[in-house]
Amino acid sequence: MTTLDEATRREIGQHFVFGFHGHEISDNVKTLITKYYVGNIILMKRNIRDAQQTLELVLGLQQLAKEAGHERPLLIGIDQENGLVSAFSSPVAGTQFPGAMAQAAIGDLELTRKIAAACGQELRLAGINWTYGPVADVNINPLNPVIGVRSFGSVPKVVGEYAIAASEGFVSSFVASCAKHFPGHGDTHVDSHLALPVINKSKEEIYVGDLPPFQALIAAGVPSIMTAHIALPLLTGDNTPASLSRKITTDLLRGELKYGGVVVTDCLEMEAVSSVEKGGCGCEEGAVRAIAAGADVAMICHTYSLQVGAVEQTYAAIESGGISLEELKQSGERIAGMKDKFTGGWIGLVGQMLIFADAWRGVKERNLELSSEAYRKSTTVVMDTGSLLPLKSSRIKNILLLTPQRSDINKAVDGSAGDSTNSGNTQPVRNTAAPYDKKFVEILESHGEVDHIIYGADDLQTLDMGKTDAVIFVTRNALRAQWQWTALKKIVERVGERVPVVVIASCDPYDLRLIDEELSRARIAFLATHEFTGEAFLGASARIFG
């Protein structure tokens, strides 16, 4: 029986990373830092108004920690993978850079390293010292609902090379990288935000298909690794999530792969763990089990009551012997080591606000140029058998833009994307769009008058195309929603050879696997942007019009 003293409570607080709500320091996060001694904070998009506000917020959190007697500054983390998961990116905050699959499409490892370093410079200037990226998952399953374009691809060696380049780029800017989602979320057909994916693969199969990028990153010295809420019953003997499994976290990751860095869980509020109705153990119990399994840091992003409950249940587990205090202290040394390397100590926080404005202006200017270059290169022309591209602007006066009705991608992406769903409306809807589609309309308007249709499964029968000089048809994960491809074929049938058609796969490029012999002979060009950000659409426009 262990009796908790203040030193032990302070130690326990270092093993959590918690989120909070708002642009300013809330009473909840103040309590977490000063009463529960929580040593790590994750910022979400809901915390970011602009770059200077973010730095002011972070410095306020750090001051709270210092006044509460924390030995080292807080690790301040954020989901900044780039691409569709970019919590810090906005016109008044971080630069939007291409995501993993878009970067791999460019085929330039050094550019990936530069992008991560540039992104890391911005994060560091805003006081952020830990990014939950790169994604090291091998996207084996093209129908994967949660990884997709967040991955560098489907070839383990290639994923490893690009993930290392990204990790090294972040570290070069003194931001700790975090490879995720160990031991590999790329061969799932279930989103762990919603339920527990069960992967019936042997250890031999995992070693061949999923682990190579993580092994390469470990050899390259990646500072931290995030564990996934996925079950691997052929490895563990049951459906315990990897994030809560000692056989995965300690035996496989620490023992077999010899990883000595910091291990953090994915958010324990994801339903694969938190939903008791779906077989989970609950968030608070999940935190205890994760730490007992060997995780250094348990992540809970949203709910204050669950955060407090997790800490207090960990107190009880230490007192009862359910968690070894000796192991916890050894784990704490890994966290302290990462803090020493990436926070700069208390002295490193002095004067940050004084240098911010001038430094930010210069970094931002350079990074916008780098982003523009990268997006121009990342748009891929997959097929253009009729040599349509670039379209001759002198012949284009009226452009018909068709974008699909908005549907959820996954919770990791949807929190960053904005939304304007045309739910329940079976008629074509003109000029009512999500922000990224509106941005594409603005881009195209420099080339002609744009008629924008948001299409559904049965919307195109009455469409008037008499004045159309060019059709730009956007798909979004059509391999999983093939009604979009059916709509495309209807459009192609109606325009025939009269009007050029440009098809843009705006998320998963796997949509273009649906190209059949009939479409390959038609007057169509097929492009892949790998994401539906405004910057990606600007890159696509450059490819379309030259």
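The model is predicted: local features need pLDDT of at least 70, side-chain atom pairs count only at pLDDT 80 or more, and totals for chains, interfaces and linings use all residues. Residues are numbered from 1 along each chain as its sequence is written, and side-chain values use heavy atoms, with hydrogens and water left out.

Ala-525 belongs to strand E17, residues 524-528 (helices are DSSP runs of H or I with at least four residues, strands are runs of E with at least two, and both are numbered from the N terminus). Leaving aside neighbours within four places in sequence, Ala-525 is in contact with Met-383, Asp-384, Leu-388, Leu-389, Val-501, Val-502 and Val-503 (contact means heavy atoms within 4.5 Å). Arg-49 lies 476 residues from Ala-525 along the chain, and the two C-alpha atoms are separated by 39 Å.

## Overall fold

The protein chain contains 20 helices and 17 strands. Its radius of gyration is 24 Å, close to the 24 Å that the globule rule gives for 546 residues, so the chain is as compact as a globular protein of that length. The radius is taken over C-alpha atoms, and the rule is 2.2 Å times the number of residues to the power 0.38. The C-alpha trace spans about 80 × 55 × 40 Å along its principal axes.

Of the 546 residues, 60% count as buried. Among contacts with a separation of 6 or more, 79% are between residues 24 or more positions apart.

## Surface and charge

The chain carries 51 positive and 64 negative charges, whose mean positions are 3 Å apart. Lys and Arg count as positive and Asp and Glu as negative, while His and the chain ends are not counted. Each charge is placed at NZ of Lys, CZ of Arg, CG of Asp or CD of Glu.

Helix H2 covers residues 27-34, and its buried residues include Val-29, Leu-32 and Ile-33. These residues cover an arc of only 95° around the axis, which puts them on the same side of H2 (the arc is that of the directions from the helix axis to the C-beta atoms). The cover over the buried residues of H2 includes strands E1 (16-18) and E2 (40-43), together with helices H3 (51-67) and H13 (304-320).

In helix H17, residues 435-444, the buried positions are Tyr-436, Asp-437, Phe-440, Val-441, Ile-443 and Leu-444. Viewed down the axis of H17, the buried residues fall within an arc of 160°, so they line one face of the helix.

Ala-104 sits in helix H4, residues 100-106. Not counting residues up to four places away in sequence, Ala-104 touches Phe-152 and Tyr-162. Asn-139 is 35 residues from Ala-104 in sequence, and the C-alpha atoms of the pair are 13 Å apart.

Lys-201 is in the loop between E7 and helix H7 (203-209). Lys-201 has 11% relative accessibility, so it counts as buried. With residues up to four places away in sequence not counted, Lys-201 touches Ile-140, Asp-187, Ile-206, Asp-210, Leu-234 and Leu-235.

## Backbone geometry

Two cis peptide bonds can be located in the fold. One joins Gly-133 and Pro-134, with omega about 15°; Pro-134 lies in the loop between strand E6 (130-131) and helix H6 (156-172). Another joins Lys-180 and His-181, with omega about 5°, and His-181 is part of strand E7, residues 178-182.

Phe-174, in the loop between H6 and E7, has phi near 60°. His-530 has a positive phi of about 70° and is placed in the loop between E17 and helix H20 (534-545). At 6% relative accessibility, His-530 counts as buried.

How values were computed:
Buried means under 20% relative accessible area, exposed over 50%, partly exposed in between (1.4 Å probe, protein chains only).
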